[in-house]
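Reader: Hello! Could you walk me through this structure, one feature at a time?

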Amino acid sequence: MPHLVKASTIQESPEQHFQHPLNSNAVRHTKSIGDWVGLERLGVHLVRVEPGRDTTQFHYHHQEEEFVYVLSGKGIAEIGNASYEVGPGDFMGFTAPSQPHSLSNPFDQDLVYLMGGERRSVDICDYPKLQQRLIRSGEDRQLYNCDDLQQFRI
């Protein structure tokens with residue numbers, strides 16, 4: 001397993017297409033560069049989001065921390081009840097649990113960022129706008145509908 005991946009290899013490698021199962025407009029083109037060097041407990045991804053797309057569904061994790069570092073383009077970060085324009089050099093970090101968050105690209109050029117996070121064996125992810133909770137244990141995923149996510153607070 002290599003410990004170094006050269007920029008030319010990253011640039012020439014194909015992207016993986018990902019559409020979020022709870023948001024059909026959330027389409028990311030991803031290179032999972034952490035996998036290329038054998039990282040198992042930390043996911044590191046180079047992500048490209050086309051104009052007019054979201055990156056995910058508004059969410060937060062109970063167990064896993066994550067971060068986003070914008071490399072190029074612009075986006076709108078929704079964090080809690082506020083929205084912020086973000087661009088190159090901006091960094092967002094989310095503890096576990098954190099404020100709900102999402103990122104969208106309403107601008108006319110691709111948004112490119114580095115995203116990373118933990119890979120715990122168990123995580124709980126809440127989608128407050130959908131009133132849904134995802135519980136993941138290993139490869140098993142269970143999605144629950146709930147009228148009040150507060151009743152499930154850990």
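Author: Gladly. Let us begin with a definition: two strands pair if DSSP finds at least two bridges between them. Keep in mind that this is a predicted model.

Reader: In which sense do strand S7 and strand S10 pair, and over how many bridges?

Author: Strand S7 (residues 75-79) and strand S10 (residues 101-105) pair in the antiparallel sense, over 4 bridges.

Reader: What is the order of the strands in the open sheet?

Author: The sheet has 4 strands in the order S4-S10-S7-S8, with antiparallel pairing. At its edges are strand S4 (53-54) and strand S8 (82-86), each of which pairs on one side only.

Reader: Now for charges. How many salt bridges does the structure hold?

Author: The general idea is that side chains of opposite charge can pair when their charged atoms come close. The structure holds 9 salt bridges. In one of them, the side chains of Arg119 and Asp35 meet at 2.5 Å, N to O. This pair links distant parts of the chain, 84 residues apart: Arg119 is in the loop between strand S11 (111-118) and strand S12 (122-127), while Asp35 is in helix H2 (residues 33-36).

Reader: How do I read the exposure of Arg119?

Author: Exposed means over 50% relative accessible area and buried means under 20%, with partly exposed in between. Arg119 has 33%, so this residue is partly exposed. Asp35, with 38%, is partly exposed as well.

Reader: Which residue forms a salt bridge with Glu85?

Author: That is Lys74, with the closest N and O atoms 3.9 Å apart. Here too the pair links distant parts of the chain: Glu85 is in strand S8 and Lys74 in the loop between strand S6 (66-72) and S7, 11 residues apart. Glu85 counts as exposed because its relative accessibility is 51%, whereas Lys74, at 30%, counts as partly exposed. Elsewhere, salt bridges that share partners join Glu15, Arg48, Glu50 and Asp110 into one network.

Reader: Which residues form a nonpolar patch on the surface?

Author: Look for Tyr69, Leu71 and Phe91, which together have about 300 Å² of accessible area. Phe91 lies in strand S9 (residues 91-94) and counts as exposed because its relative accessibility is 53%.

Reader: And how far apart are Leu4 and Val37 in space?

Author: They are 6.9 Å apart, C-alpha to C-alpha, though 33 residues separate them in sequence. Leu4 lies in the segment before helix H1 (7-12).

Methods:
Residues are numbered from 1 along each chain as its sequence is written. This is a predicted model: local features need pLDDT of at least 70, side-chain atom pairs count only at pLDDT 80 or more; totals for chains, interfaces and linings use all residues. Side-chain values use heavy atoms; hydrogens and water are left out. Patches are made of residues with over 30% relative accessible area and no salt bridge: like charges are joined within 9 Å, nonpolar side chains (Val, Leu, Ile, Met, Phe, Trp, Tyr) within 5 Å. Accessible areas come from the Shrake-Rupley method with a 1.4 Å probe; for residues, only the protein chains shown count as cover. A salt bridge is a side-chain nitrogen of Lys or Arg within 4 Å of a carboxyl oxygen of Asp or Glu. Helices (H or I, at least four residues) and strands (E, at least two) are DSSP runs, numbered from the N terminus. Buried means under 20% relative accessible area, exposed over 50%, partly exposed in between (1.4 Å probe, protein chains only).
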